Amino acid sequence: MDIPGTWRAEPGDLMPHQRHYVQPDGLMEFEPFDVDGYFDDIDRMRREFPELGIFTGVEFGQPHLFEAEARALVDLDRFDRINGSLHTLDMGGGRAEPSRLLQEHPAADVMTAYLAEIPVMVAGSDAFDVFTHIDYALRHWPAEEAGPFDPRRFEGLIRHAMRAIADSGRALELNTRRLWSWVPQWWAEEGGRAISFASDAHTPDALAANFPEAVILAETFGFRAGATPADLWRRPRLR
Ligand SMILES: [Zn+2]
């Protein structure tokens, strides 16, 4: 759930089926989250597949900025889980996704700005339980110009962001689109106690992709499954 009209883009930044969302003023406009459609579908699925435990959830973009807009759309208390995402930044000229900003600014500056906003987002909203895809800004990392992404170059900022998330008591998502060992390692070292797994699937065939590999990574850094599959994985406190 991102709020329409809150960031700019150019058609070339987007997948072909998304390009018509870019308005003449450069802002992204689209139908807001269909609340009734979502909960109706959940009800239907629960009736059709009673043997499955189906939970509700939403990925909420920029919760530190748009909580009032989100609450005007939907009662956030209806969801079992709310994931908080940082999808856009304002590096001048209005908010935009890293895919756009990486064409306007040096890659290291975009990464730095992204990581620096994470503690601001954490401090600025109580509306989410899990911080998602901490590697979001490097999905479009321009390796040909900037060289391969080296997390050690940003280690201080990454750890600072993780510590802010951990200190707030939230979980970190292990996003399995791309698995990086530094995510669960540094998260555990910075005091992170809980993780969720998310394949970030936008198509059914990608659901739970790379989960076996993610489980091995999580276990390596001390995280353990909860009592039910729906629980966060937790790292027991060391005595
Ligand atoms: Zn996202």
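How many bridges join strand β5 to β6, and do the two run parallel or antiparallel? There are 2 bridges between strand β5 (residues 130-131) and β6, and the strands run parallel. Keep in mind that this is a predicted model, where local features need pLDDT of at least 70, side-chain atom pairs count only at pLDDT 80 or more, and totals for chains, interfaces and linings use all residues. Residues are numbered from 1 along each chain as its sequence is written.

**Ground rules for the terms**
- Helices (H or I, at least four residues) and strands (E, at least two) are DSSP runs, numbered from the N terminus.
- Two strands pair if DSSP finds at least two bridges between them.

- Glu173 has Ser196 in β7 as its bridge partner, while Leu174 stands opposite Phe197.

**How enclosed is β6?**
- Because 5 of the 5 residues of β6 are buried, the strand is largely enclosed by the rest of the structure (buried: 20 or more other C-beta atoms within 10 Å of the residue's own, with C-beta atoms placed from the backbone).
- Both faces are covered, with Ala171, Glu173 and Asn175 on one side and Leu172 and Leu174 on the other.

**On to β8**
- β7 and strand β8 (residues 233-234) run antiparallel, joined by 2 bridges.
- Here Ile195 stands opposite Trp233.

Key:
Buried ≥ 20, exposed ≤ 12 C-beta atoms within 10 Å, placed from the backbone.
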